[in-house]
Each structure stands twice: as structure tokens, then as C-alpha cells.
Amino acid sequence: MTHVGVPPNEWDNWDSHLVHFHHFESMSTEKGHQVDSPNFNCCNHDWGLEICPGGWKDSADGMGHADSADGMVSVYLENRSGDEISAKYVFLIRDVSGKV
């Protein structure tokens, strides 16, 4: 991670978890088709990621991955702990070479 300037103190307690969705290019681009990660624990809470490679079922036409003109995909962070949580989060998406 590279910081420009002084990061806010709230970043001092951030935790992260890496989730890999392998063979993304072979996933269905049908609108609404979702792929769920297994549960993972971060900050003492259970989470999951859901991706829709072809866009969410209510997405505007043309939203999907490499087969579409705009290359969009839907990504959702799901609280699976059952607790009410307020969280700040960031998604970083890397290509096969590890570049963000």
C-alpha cells in the first residue's frame, strides 16, 4: 500500500482479507448469475463476497465482464455474522499478474 500524505487515524485499525475468485473468465455472464465466496472472518465478524460477472439482475443492459462494452461486474460484501455492524470497506481487484 502506498500512502500520499498522512493517513487518517481511523486506518490504523483496518484489517484486510484476501478473497480469490479463480477462473473468472470462464464464469457465466448471464445477468443475475452470482458466485459466492465461503464465509471468512475479519474483525471478529463473519463475511462473504458475492460477485455477479454479468451484472446484478436489475443492472442496466450491457453490464457484464469482458463480453460487454463497459466491462462492469457487481460485487457485494455480505455481513454473515448476524450482528448489526457499521463498517467501512474498500474493494481492490487484481488481474492475473497481481496488478490492481
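Does Val-90 belong among the buried or the exposed residues, and what is its relative accessibility? Val-90 counts as exposed, because its relative accessibility is 54%, where exposed means over 50% relative accessible area, buried under 20%, and partly exposed in between (1.4 Å probe, protein chains only). The structure is a predicted model, in which local features need pLDDT of at least 70 and side-chain atom pairs count only at pLDDT 80 or more, while totals for chains, interfaces and linings use all residues. Residues are numbered from 1 along each chain as its sequence is written, and side-chain values use heavy atoms, with hydrogens and water left out.

The chain contains 0 helices and 4 strands; helices (H or I, at least four residues) and strands (E, at least two) are DSSP runs, numbered from the N terminus. Read from the N terminus, the order of the elements is β-β-β-β. Of the 100 residues of the chain, 19% are buried. Contact means heavy atoms within 4.5 Å; among contacts between residues at least 6 apart in sequence, 49% join residues at least 24 apart.

The surface may be considered next. The chain exposes about 7700 Å², of which carbon and sulfur atoms supply 50%; accessible areas come from the Shrake-Rupley method with a 1.4 Å probe, and for residues only the protein chains shown count as cover.

A salt bridge is a side-chain nitrogen of Lys or Arg within 4 Å of a carboxyl oxygen of Asp or Glu. By this rule the structure has 1 salt bridge, in which the side chains of Glu-78 and Arg-80 meet at 3.1 Å, N to O. Glu-78 counts as partly exposed because its relative accessibility is 34%, and Arg-80 counts as partly exposed at 22%.

Glu-50, in strand 3 (residues 45–52), is buried and has no salt bridge; Arg-80, its nearest side chain of opposite charge, is 6.1 Å away. For charge, Lys and Arg count as positive and Asp and Glu as negative, whereas His and the chain ends are not counted. Beyond its neighbours within four places in sequence, Glu-50 is in contact with residues including Trp-56 and Tyr-76.

The structure holds 2 aromatic pairs. One of these is formed by Trp-56 and Tyr-76, which are edge-to-face, with 5.7 Å from centre to centre and 70° between the planes. This pair links distant parts of the chain, 20 residues apart: Trp-56 lies in the loop between strand 3 and strand 4 (74–79), and Tyr-76 in strand 4. Rings of Phe, Tyr and Trp (its six-membered ring) pair if their centres lie within 6.5 Å; planes under 30 degrees apart count as stacked, over 60 as edge-to-face and the rest as tilted. Trp-56 is partly exposed, with a relative accessible area of 24%, and Tyr-76 is partly exposed at 31%.

Pro-38 lies in the loop between strand 1 (35–36) and strand 2 (40–42) and counts as exposed at 64% relative accessibility.
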